[in-house]
Amino acid sequence: MRPWGKFIYIIFITTSLLIISGCETSRNVSTGPVVNNVPEGIRPKNVIFLIGDGMGLPQITGAMYMNNNQTVFERFKNIGFHKSHSSDNLVTDSAAGATSFASGVKTYNGAIGVDAQKQSVPTILEMAEQKGMATGMVVTSSITHATPAAFIAHVNGREEAEGIAVQFLDTPIDLFIGGGMKAFTQRVDQRDLVSELKAKGYDITSYFEQEISQLNVNTSKNIGYFTANGEPLPEREGRDYLPEATRKSLDYLGDRSPNGFFLMIEGSQIDWGGHANDANYVVTELLEFEKVINQVLDWSEKNRNTLVVVTADHETGGFAVNPGSKLNRIEVAFTTKSHTALMVPVFAAGPGSELFRGIYENTDIFFKLKNLMELK
């Protein structure tokens, strides 16, 4: 080899090694070590994690143009994208997607709180409880549905609603609000889990007994409130509890523990509108979800030690705003009645929010939150 050729070869090898090293460093940043070096003063005391099930960038765009070209997402300055695929499919389902957020593992579609080998994995909500933080979940689906289930339960299949419900007895979540009461009271095994939860000190009520506005959020007890026996109605058919439930949850959790809180809020039915290929259903659910995001951001600005992260588990429907659309009157098309493999946006505000910029795996959201919350 000629001397100049050897020189070029050495430069090539050295550059290649630096690039590979840089890629590895980038990967390490996404899974947490840089977070550990963040000065103590900017770590959040509280974390509010909002999931718009099925909400991709196209849905956000459609809702924006149906709302006079305005969207709450313009309030965020730190924005990223996550790769939503599961361990066995480029197109994830909500169970695998939520498990990646809750436990930091890629797992198979249908899995709840277990890895690809069906081994139980701890969740961020369970870790927060162990640290002494207050915890809560508020959803517009049943509380045993795939997304909330992944934060508190460990079963091999998302369809195991009664098995998921039993596990609410194992983790002392401070507050939960959602539908699905029948999985607790109308069970094959004849157990009355509501009575069992009350025996453990919970104050359990439902829409049968009182409106959400009448719910007493006294911090002396854990609280459960059922909004439906099965799945709650869509917003356009009269369901209106999400904003009030969010307000009460923030008041309750904010005072519940000196160690702060972790709250997961899901706009569950954006996904259902996508499955139905019903643009109006998608938009009305998303606009309600945006109202709740506004509430949360307003609350967090008054409580500056609060991190807010908003994302989705996946996009649903292959939603598209088509030619012929006008402001407040859009033309929409769908490519599927299922989910898609689109990357999903992540929006963050508050202490540590800059760590959610960039492109990364959905599992990295867990590691970023875990490290910022100093969980073990």
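A polar contact here is a pair of N or O atoms within 3.5 Å. Keep that cut-off in mind for the stops below. The model is predicted.

**Stop 1: the start of α12**

Select D278 and N280. A side-chain oxygen of D278 comes to within 3.2 Å of the backbone nitrogen of N280, at the start of α12. Now extend the selection along the helix. α12 has 24 residues, which at 1.5 Å a residue should span 34 Å. The C-alpha atoms at its ends are 35 Å apart, in agreement with that.

**Stop 2: α3 against α12**

Show side chains at the crossing. From α3, Q59, I60 and A63 make the contact. From α12, the partners are V282, V283, L286, L287 and E290. By class, this contact holds six nonpolar residues, one polar and one charged.

**Stop 3: the whole chain**

Zoom out. The chain has 13 helices and 14 strands. Of its 376 residues, 55% are buried. Take the contacts with a separation of 6 or more: 73% of them join residues 24 or more positions apart.

**Stop 4: N46 in β1**

Select N46, which lies in strand β1, residues 46–52. Is N46 buried or exposed? Its relative accessibility is 6%, so N46 counts as buried. Draw a distance from the side chain of N46 to the backbone nitrogen of F261; it is 3.2 Å. Next, show the surroundings. Beyond neighbours within four places in sequence, N46 is in contact with G260, F261, W299, N305, T306 and L307.

**Stop 5: α10**

Move to helix α10, residues 242–256. Its 15 residues should span 21 Å at 1.5 Å a residue, and the end C-alpha atoms, 20 Å apart, agree. Colour the buried residues of α10: L242, A245, T246, K248, S249, L250, Y252 and L253. What do these buried residues pack against? Their partners are the strands β1, β3 (134–142), β4 (175–179), β6 (222–226) and β7 (261–267), together with α12.

**Stop 6: T107 in a loop**

Select T107, in the loop between α4 (94–103) and α5 (124–131). With 0% relative accessibility, T107 counts as buried. Look at two backbone oxygens. That of V114 lies 2.9 Å from a polar atom of the T107 side chain. The side chain of T107 also reaches the backbone oxygen of D115, at 3.1 Å. The contacts are S86, S87, D88, A96, T99, V114, D115 and A116.

**Stop 7: L327 in a loop**

Finish at L327, in the loop between β10 (320–326) and β11 (329–333). Here the relative accessible area is 49%, so L327 is partly exposed. L327 and N69 are 258 residues apart along the chain, and their C-alpha atoms are separated by 7.2 Å. Which residues does L327 contact, leaving aside its neighbours within four places in sequence? They are Y65, N68 and N69.

Terms used. Residues are numbered from 1 along each chain as its sequence is written. This is a predicted model: local features need pLDDT of at least 70, side-chain atom pairs count only at pLDDT 80 or more; totals for chains, interfaces and linings use all residues. Side-chain values use heavy atoms; hydrogens and water are left out. Contact means heavy atoms within 4.5 Å. Helices (H or I, at least four residues) and strands (E, at least two) are DSSP runs, numbered from the N terminus. Ala, Val, Leu, Ile, Met, Phe, Trp, Tyr, Cys and Pro count as nonpolar, Asp, Glu, Lys and Arg as charged, and the others, Gly among them, as polar. The expected span of a helix is 1.5 Å times one less than its number of residues. A polar contact is a pair of N or O atoms within 3.5 Å; within protein, one must be able to donate a hydrogen and the other to accept it, and residues adjacent in sequence count only if both atoms are side-chain atoms. Buried means under 20% relative accessible area, exposed over 50%, partly exposed in between (1.4 Å probe, protein chains only).
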